Amino acid sequence: MAYTGGMGDGAHFPILGTEPGAAPRISSLLIKPVSAVCNLDCVYCFYLDREADPYKSLPGRRMTLETLERLVDGYLFYSYPVSIFAFQGGEPTLAGLPFFEKLVEFQQHYGRNGQSVSNAIQTNGILLDDAWCALFMQYNWLVGISIDGPEEVHDAYRFNKAGRGTWRQVIRGIETLQRNRVEFNVLCVLSQANVEKPRELYRFFRSLGIQYIQYIPLAEFDRDGNPLPFTITPEQYGRFLCETFDVWWPDRRKVRIRFFDNIAEALAGRKPGSCTMHETCDSYVVVEYNGDVYPCDFFVESGWKLGNILVDSWPEIARRQRRYQFASKKTIAHPECQVCEYQSICHGGCPKFRHGPHRRFEDLDYFCAAYKMIYARAVGPLKREVEKILGRAPAPELEAVSPY
Ligand code: SF4
Ligand code: SF4
């Protein structure tokens with residue numbers, strides 16, 4: 001068994017299990033070892049204290065080692081020869097370093113000859129120390145740090161439990177990673193605090209030596225469909241992406257921005273790493289702390305539960321009618337998508353952004369106007385770049401999938 005990952009290879013793997021009639025393969029797991037529990041209290045967090053959270057009133061939301069062992073054993077068997085584990089929260093480091101050391105112990109015990117395993121973690125970075133870094137280095141983990149930009153921007157919404165900004169603590173975590181030579185990427189949430197500062201953000205991340213950046217647009221709404229104050233508009237998001245594209249373009253061979261990577265992957269005939277650009281919503285599943293399984297991070301709701309790893313096998317979970325029902329939400333055609341020149345790249349965007357404002361999957365993606373702006377700006381240059389690099393269309397490939 002071998003550990004793959006790191007920032008360089010992007011964990012690209014051949015497509016598996018796509019033979020006609022087979023249930024679409026679950027190609028990666030997004031695991032929440034402490035459910036929504038977090039050591040921070042970010043104003044915009046969609047996962048903390050959601051009304052629809054099936055677990056919010058339950059004490060002790062922490063994955064047991066018995067559940068972890070079942071998860072590793074079952075999923076390594078199901079996903080052979082390529083197994084992808086991604087940890088998220090809440091704040092996954094709250095599960096403690098011994099939990100993750102046990103994880104790799106189980107992976108080594110249950111992994112088979114020729115099996116390729118990769119681990120990823122998305123964290124706010126606050127609890128990281130040298131011991132965490134030793135684990136990440138030894139097993140080639142893919143580490144993502146959540147930071148929204150310079151101090152005044154980050155601290156506009158990312159508070160600790162006492163209501164104070166957390167930027168300095170996150171920077172300490174980043175310095176710890178850098179001191180230990182752990183490669184990492186940053187995930188930056190775009191809110192009203194930073195969406196008008198694309199060049200400043202890009203320069204800030206470059207000044208930290210970051211080479212892989214992911215931007216996530218915020219779109220949360222009240223019961224009447226009105227955007228919450230931190231939610232950005234499609235026009236703001238479109239302008240942000242276009243300006244970022246312009247400032248990034250001269251650095252394109254040394255800095256990676258996930259959205260632009262995904263467009264390039266689609267243009268190269270490969271399946272993009274982000275599920276939002278897939279034809280259907282069935283690439284990955286979420287595993288909650290108690291083993292419950294859901295089809296998407298944005299729909300961890302009892303109505304969408306697919307099963308539980310302690311009682312259901314992975315092939316059973318993969319074949320659940322509800323999984324097909326959820327996957328097909330994305331294929332509900334909107335008239336505008338049907339005639340859109342970018343349909344083969346965009347595939348109608350993300351059902352979360354269709355469903356968000358008015359709870360209707362058949363609506364147009366809230367960010368459609370932003371996508372059209374950036375596709376109009378970026379598709380031409382990226383297409384020429386892809387052709388220059390490859391000289392030919394490659395065979396389709398698959399990588400770790402998530403909306404992040
Ligand atoms: S994030 Fe969006 S595109 Fe991805 S699985 Fe969920 S609803 Fe589908
Ligand atoms: S850009 Fe807009 S219209 Fe075009 S496919 Fe995407 S969501 Fe649909």
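**Entry 1: α6 and α7**

I looked up the handedness of the crossing between α6 and α7, and it is right-handed. The model I am working from is a predicted one. Helix α6 covers residues 198–207 and helix α7 covers residues 234–248. I noted an angle of about 45 degrees between the two, with their axes 9 Å apart. The pair is therefore oblique.

Next I listed the residues that meet. From α6 I have Pro 198, Arg 199 and Tyr 202. Facing them in α7 are Phe 240, Glu 243, Thr 244, Val 247 and Trp 248. I sorted this contact by class and got 5 nonpolar, 1 polar and 2 charged residues.

**Entry 2: α1 and α2**

I then turned to helix α1 (residues 65–79) and helix α2 (residues 97–110). Their axes come within 9 Å and cross at roughly 35 degrees. I recorded this crossing as right-handed. On the α1 side, the contact uses Leu 65, Leu 68, Glu 69, Val 72, Asp 73 and Leu 76. On the α2 side, I wrote down Lys 102, Leu 103, Phe 106, Gln 107 and Tyr 110. By class, the contact of α1 with α2 has 7 nonpolar, 1 polar and 3 charged residues.

**Entry 3: ligand 2**

Which helix gives the most to the shell around ligand 2? I found that α14 does, with 3 residues. α11 (335–338), α12 (343–346) and α14 (368–390) each supply at least two residues of this shell. Among the residues surrounding ligand 2 I noted Cys 337, Cys 340, Cys 346 and Cys 368, and also Asp 365 and Lys 372. The shell divides into 6 nonpolar, 3 polar and 3 charged residues.

Technical notes
Residues are numbered from 1 along each chain as its sequence is written. Chains are lettered from A and ligands numbered from 1 in the order in which they are written. This is a predicted model: local features need pLDDT of at least 70, side-chain atom pairs count only at pLDDT 80 or more; totals for chains, interfaces and linings use all residues. A residue is near a molecule or strand if its C-beta atom, placed from the backbone, lies within 6 Å of it. Helices (H or I, at least four residues) and strands (E, at least two) are DSSP runs, numbered from the N terminus. Ala, Val, Leu, Ile, Met, Phe, Trp, Tyr, Cys and Pro count as nonpolar, Asp, Glu, Lys and Arg as charged, and the others, Gly among them, as polar. Axes are lines fitted to C-alpha atoms, for helices over the stretch in contact, and angles run from 0 to 180 degrees between N-to-C directions. A crossing is left-handed if the near helix is turned anticlockwise from the far one by less than a right angle, and right-handed if clockwise. Two residues are in contact if their C-beta atoms, placed from the backbone, lie within 7 Å. Angles under 35 degrees count as roughly parallel, over 145 as roughly antiparallel, 65 to 115 as roughly perpendicular and the rest as oblique.
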